[in-house]
Amino acid sequence: MTLSVRLWEADDRAAKAAIYGLNQTGRRTQEWEDAWIVQALVRDDGLTQVEVAELLGRHKSWVCRRLAWVEKLAAPAREDLRLGLLSATAARALVRLPHGNQTELLTLFHRDELTSRELDGVVDLLGAVPARSQQESILAQPRQALQQARQQTGWAYDPRLSRAGNRVARRRASVLDGLGHMETWLHHQGRAGLTPCDRLVLTPGFNRLAGAARSVALLTEDLIAEFHVHDRAHAP
């Protein structure tokens with residue numbers, strides 16, 4: 001076995017730049033490793049972001065992103081990243097949240113053995129809900145919340161809504177689905193397929209359906225009118 005050695009005199013700044021530059025051939029540095037180098041040059045060596053960009057042969061925006069990425073990450077997450085317990089993809093998801101929320105979600109990430117993709121989805125859901133109670137519901141069952149949010153038809157969990165709002169949305173979806181099927185049947189089949197006995201048994205139920213439909217229609221129109229009044233009252 002042979003080992004090639006190259007002697008090169010350099011100060012701390014040049015040595016850090018060399019770590020980045022020499023690793024661009026062969027095994028490239030990881031994104032988080034780039035971020036550590038950028039942070040060390042800015043915070044330890046006192047270089048400006050422009051100077052770091054020139055030293056590493058990168059654009060200033062690249063330096064800014066790497067610096068923000070590592071410095072916006074909460075300390076426990078940085079440590080897990082350094083130890084290899086957290087991937088760069090998962091770290092990018094965490095950094096979108098405030099420090100306090102990052103630590104909480106990091107615990108959840110390890111507890112439920114979430115994938116990086118699942119973690120990113122949970123961050124999306126948390127960022128879309130304002131109330132703490134809604135966030136706690138997502139954190140309690142993250143995979144269930146993700147599954148509901150991914151549903152493409154019918155009712156799907158809407159992180160913008162409160163629990164009460166989601167209950168109403170689910171009932172509305174159920175009613176609309178049922179009405180859609182009934183409307184199709186009435187239009188295309190109607191009474192033709194029913195026997196006299198069927199008609200006798202079904203008539204009371206259809207009377208209730210007609211009355212309930214009229215009542216729900218009137219109450220829904222009143223609710224929509226209230227929404228419009230509220231929106232106009234709070235319009236900027």
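Mentor: Start with a term: a helix here is a DSSP run of H or I with at least four residues, numbered from the N terminus. Keep in mind that this is a predicted model.

Trainee: Ok. How many helices and strands does the protein have?

Mentor: There are 12 helices and 0 strands. Along the sequence, the pattern reads α-α-α-α-α-α-α-α-α-α-α-α.

Trainee: And where does Gln-49 sit?

Mentor: Gln-49 belongs to helix 3, which covers residues 49–56.

Trainee: Is Gln-49 buried, exposed or partly exposed, and why?

Mentor: Gln-49 counts as partly exposed because its relative accessible area is 23%, and buried would need under 20%.

Trainee: What does Gln-49 touch, leaving out residues up to four places away in sequence?

Mentor: Gln-49 touches Lys-60, Val-63, Cys-64 and Leu-67. Trp-62 is 13 residues from Gln-49 along the chain, with 9.5 Å between their C-alpha atoms.

Trainee: Switching topic. How many residues are in the largest nonpolar core?

Mentor: That core has 30 residues, and Trp-69, Leu-86, Leu-94, Leu-105 and Val-122 have the most contacts inside it. Elements giving two or more residues to this core include helix 2 (31–44), helix 7 (99–111) and helix 10 (142–150). Another core, of 11 residues, lies apart from it, with Ile-37, Leu-47, Trp-62 and Leu-67 among its members.

Trainee: Why would residues like that group together?

Mentor: In soluble globular proteins, nonpolar side chains tend to be buried together.

Trainee: Back to Leu-105, then. What does it touch?

Mentor: Not counting residues up to four places away in sequence, Leu-105 touches Leu-94, Leu-97, Leu-119, Val-122, Val-123, Leu-126 and Leu-139.

Trainee: What about the surface? Which residues form a nonpolar patch there?

Mentor: Val-175, Leu-179 and Leu-209 do, with about 230 Å² of accessible area together. Val-175 is in helix 11, residues 163–188. Its relative accessibility is 46%, so Val-175 counts as partly exposed.

Trainee: Last one. Where is Asp-112?

Mentor: Asp-112 is in the loop between helix 7 and helix 8. Its side chain makes a polar contact of 2.6 Å with the side chain of Arg-111. Asp-112 also touches Pro-142 and Arg-143, if residues up to four places away in sequence are not counted.

Methods. Residues numbered from 1 in each chain as written. Predicted model: local features only at pLDDT ≥ 70, side-chain atom pairs only at ≥ 80, totals over all residues. Heavy atoms only, no water. Patch = residues over 30% accessible without salt bridge, like charges linked within 9 Å, V, L, I, M, F, W, Y side chains within 5 Å. Areas by Shrake-Rupley, 256 points an atom, 1.4 Å probe, with all protein chains shown as cover. Salt bridge = Lys/Arg side-chain N within 4 Å of Asp/Glu carboxyl O. Buried < 20%, exposed > 50% of the residue type's maximum accessible area, 1.4 Å probe, protein only. Core = buried A, V, L, I, M, F, W, Y, C linked by side-chain atoms within 4.5 Å. Contact = heavy atoms within 4.5 Å. Polar contact = N/O pair within 3.5 Å; in protein donor to acceptor, adjacent residues only side chain to side chain.
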